[in-house]
Amino acid sequence: MNKLTSLFISDTDIKELPESIFSLKLESISWRRILQKFLSNSNYQQAIQAAQNLIQLEPENSEVYSNLALAYLLNNQYAKAKEIYLKWKGKPFSKSGRKRDFDFKFIKDIYMLEKKGIHHPDFEKVKKLLAE
């Protein structure tokens, strides 16, 4: 253990931490990567499953809900995507110190997909829903 780490965590503290904490963190990182890979490769059903697994591990990770909504939407499950959009609509979303709401995040995600040439007829429904 280096000096910087020892300022925060002692060797005794590390020994007392359950092994499961480390494996859960690694599992969360793995599911995030898998989720992104499935989304980028248009494997939307698998992306839904990966997002659901990640939510089980990190229910407080609000960003995964944006990915889950996109996966539902792109998998032609607008009703399920809409539930997520309505649940998070207007709620604060903070990443990298920027404070915005989820409406901005959802619209930005759709814009980025359209910029990459990915289009879906329900994108307009979502934009309208979030504008109301």
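**Exercise 1. Is Glu63 buried, partly exposed or exposed, and at what relative accessibility?**

*Solution.* The structure is a predicted model. Glu63 has a relative accessibility of 25%. Buried requires under 20% and exposed requires over 50%. Glu63 is therefore partly exposed.

**Exercise 2. Describe the salt bridge between Lys105 and Glu63, and place each partner in the fold.**

*Solution.* 
1. The two side chains meet in a salt bridge, with a distance of 3.9 Å from N to O.
2. Lys105 belongs to helix H7 and Glu63 to helix H5, so the pair ties together parts that are 42 residues apart in sequence.
3. Helix H7 covers residues 102-115.
4. With a relative accessibility of 13%, Lys105 counts as buried.
5. Beyond neighbours within four places in sequence, Lys105 is in contact with Glu63, Ser66 and Phe93.
6. Glu63 and Lys105 also belong to a network of salt bridges that includes Asp109.

**Exercise 3. Characterise the surroundings of Gln52.**

*Solution.* 
1. Gln52 lies in helix H4, which covers residues 44-57.
2. Its relative accessible area is 34%, so Gln52 is partly exposed.
3. Not counting residues up to four places away in sequence, Gln52 touches Leu68 and Tyr72.
4. The side chains of Gln52 and Tyr72 make a polar contact at 3.1 Å.
5. Gln52 and Trp31 are 21 residues apart in sequence, and their C-alpha atoms are 9.5 Å apart in space.

**Exercise 4. Which residues touch the most other members of the largest nonpolar core, and which elements supply it?**

*Solution.* 
1. The core holds 32 residues, and those touching the most other members are Leu35, Val64, Leu68, Leu73, Ile84, Tyr85 and Val126.
2. Two or more residues come from each of helices H3, H4, H5, H6, H7 and H8.
3. The largest share, 9 residues, is given by H5.
4. Val64 is in contact with Leu35, Ala51, Leu54 and Ile55, leaving aside neighbours within four places in sequence.
5. Across the protein of 132 residues, 32% count as buried.

**Exercise 5. Where is confidence lowest, and where is it highest?**

*Solution.* 
1. The protein contains 8 helices and 2 strands.
2. The average pLDDT is 79, and 74% of the residues score at least 70.
3. Confidence is lowest in helix H1 (residues 3-8), with a mean of 36, and highest in helix H6 (residues 78-88), at 96.
4. Residues 1-24 have a pLDDT below 50, and this stretch has 8 contacts in the model beyond near neighbours in sequence.
5. Where pLDDT is low, the predicted coordinates should not be read in detail.

Methods. Residues numbered from 1 in each chain as written. Predicted model: local features only at pLDDT ≥ 70, side-chain atom pairs only at ≥ 80, totals over all residues. Heavy atoms only, no water. Helix = DSSP H or I, 4+ residues; strand = E, 2+ residues; numbered from the N terminus. Buried < 20%, exposed > 50% of the residue type's maximum accessible area, 1.4 Å probe, protein only. Contact = heavy atoms within 4.5 Å. Polar contact = N/O pair within 3.5 Å; in protein donor to acceptor, adjacent residues only side chain to side chain. pLDDT = per-residue confidence, 0-100. Core = buried A, V, L, I, M, F, W, Y, C linked by side-chain atoms within 4.5 Å. Salt bridge = Lys/Arg side-chain N within 4 Å of Asp/Glu carboxyl O.
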